[in-house]
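User: Hello! I am new to this structure and would like to get to know it step by step. Could you look at it with me?

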Amino acid sequence: MSAAFRRNATITRLLQSHHHPITDPTRAPILLRTQTQHSKAYFRVPDFIRRSTREYEHSSSSLFSSRFSSSSSSSSSKIGLVGWYLGLIKSRPVLTKSITSSLIYIAADLSSQTIALPSSGCYDFLRTLRMAGYGMVILGPTLHFWFNFMSKLFPKRDLFSTLKKMVMGQALYGPAMTVVFFSVNAFLQGENITEIVARLKRDLLPTMINGVMYWPICDFITFRFIPVQLQA
């Protein structure tokens with residue numbers, strides 16, 4: 001009986017030592033850390049996955065930075081274009097405003113022909129050339145000197161000064177330039193003096209009446225809010 005009891009006790013001690021029971025509280029943290037390290041080794045992410053993740057994050061950050069830099073460069077290029085144009089207005093005001101007026105007249109005439117053109121018709125590029133020449137040679141320079149003259153005559157941009165500039169424009173500059181426009185356009189089309197006078201009698205007054213419904217609004221915005229160097 002004593003031999004059997006000793007064998008059972010020996011077997012019990014061996015089993016307890018094999019399964020590492022936590023009988024001593026001071027040994028518990030050591031055993032837990034050991035088991036945690038073993039479990040981390042089993043569940044560790046493979047190296048190639050970690051490398052792929054790092055490469056993806058790097059490529060994503062590079063893509064974001066490239067997009068940000070491209071948007072920044074495009075915005076800076078726009079700012080550079082505006083600065084270049086403002087520099088031209090300051091250094092060569094008459095020439096710059098004349099070319100700008102010519103380009104606007106080209107766009108205006110082509111859009112007008114597009115609206116009024118029948119489906120089977122074709123563009124009158126000679127007419128567009130006449131409009132471009134008028135904007136380049138006549139309208140651009142005269143607008144420059146007219147707006148500068150108005151700025152010196154009425155230097156303020158308050159409401160009363162703006163209204164005076166509008167009246168001057170509708171009473172003097174507008175009718176004069178309308179007469180010049182009809183006369184030059186008719187002359188370039190081969191009309192004589194009699195035909196030009198007849199055209200003015202027919203078209204000048206209706207054009208002025210229609211212009212009163214449109215140009216005062218443009219004049220108010222121009223004289224009240226736009227700097228004089230950009231008014232033309």
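Predicted model: local features only at pLDDT ≥ 70, side-chain atom pairs only at ≥ 80, totals over all residues.

User: How is the ring of Phe181 arranged relative to that of Tyr134?

Analyst: A pair of aromatic rings is described by the distance of the centres and the angle of the planes. For Tyr134 and Phe181, the centres are 5.1 Å apart and the planes stand at 75°. An angle over 60 degrees counts as edge-to-face, so this pair is edge-to-face.

User: How many residues apart in sequence are the parts that this pair ties together?

Analyst: Tyr134 sits in helix α5, which covers residues 125-153. Phe181 belongs to helix α6, residues 159-188. The pair therefore ties together parts whose separation in sequence is 47 residues.

User: Which residues do ring pairs link into a cluster with Tyr134?

Analyst: Tyr134 itself is buried, at 6% relative accessible area. The whole structure holds 9 aromatic pairs. Through ring pairs, Tyr134 is joined in a cluster with Tyr105, Phe181 and Phe182.

User: What about His144: with which side chain does its side chain make a polar contact?

Analyst: His144 is also found in helix α5. His144 has 9% relative accessibility and so counts as buried. Leaving aside neighbours within four places in sequence, His144 is in contact with Pro93, Val94, Lys97 and Ala232. The polar contact of its side chain, at 2.9 Å, is with the side chain of Lys97.

User: Which helix gives the largest share of the lining of the largest pocket?

Analyst: That pocket holds about 1400 Å³ of space, and 42 residues line it. Tyr105, Tyr134, Leu139, Tyr214 and Trp215 are the lining residues nearest its centre. Several helices supply at least two lining residues each, including α3 (47-91), α4 (93-116) and α5. The largest share, 10 residues, comes from α6.

Terms used:
Residues numbered from 1 in each chain as written. Heavy atoms only, no water. Phe/Tyr/Trp six-rings, centres within 6.5 Å; stacked < 30°, edge-to-face > 60°. Helix = DSSP H or I, 4+ residues; strand = E, 2+ residues; numbered from the N terminus. Buried < 20%, exposed > 50% of the residue type's maximum accessible area, 1.4 Å probe, protein only. Polar contact = N/O pair within 3.5 Å; in protein donor to acceptor, adjacent residues only side chain to side chain. Contact = heavy atoms within 4.5 Å. 1 Å grid on protein atoms, 1.4 Å probe; cavity = no way out; pocket = protein on both sides within 12 Å on 5 of 7 lines; lining within 4 Å. Points joined across faces, edges and corners; volume = space filled by probe spheres on them.
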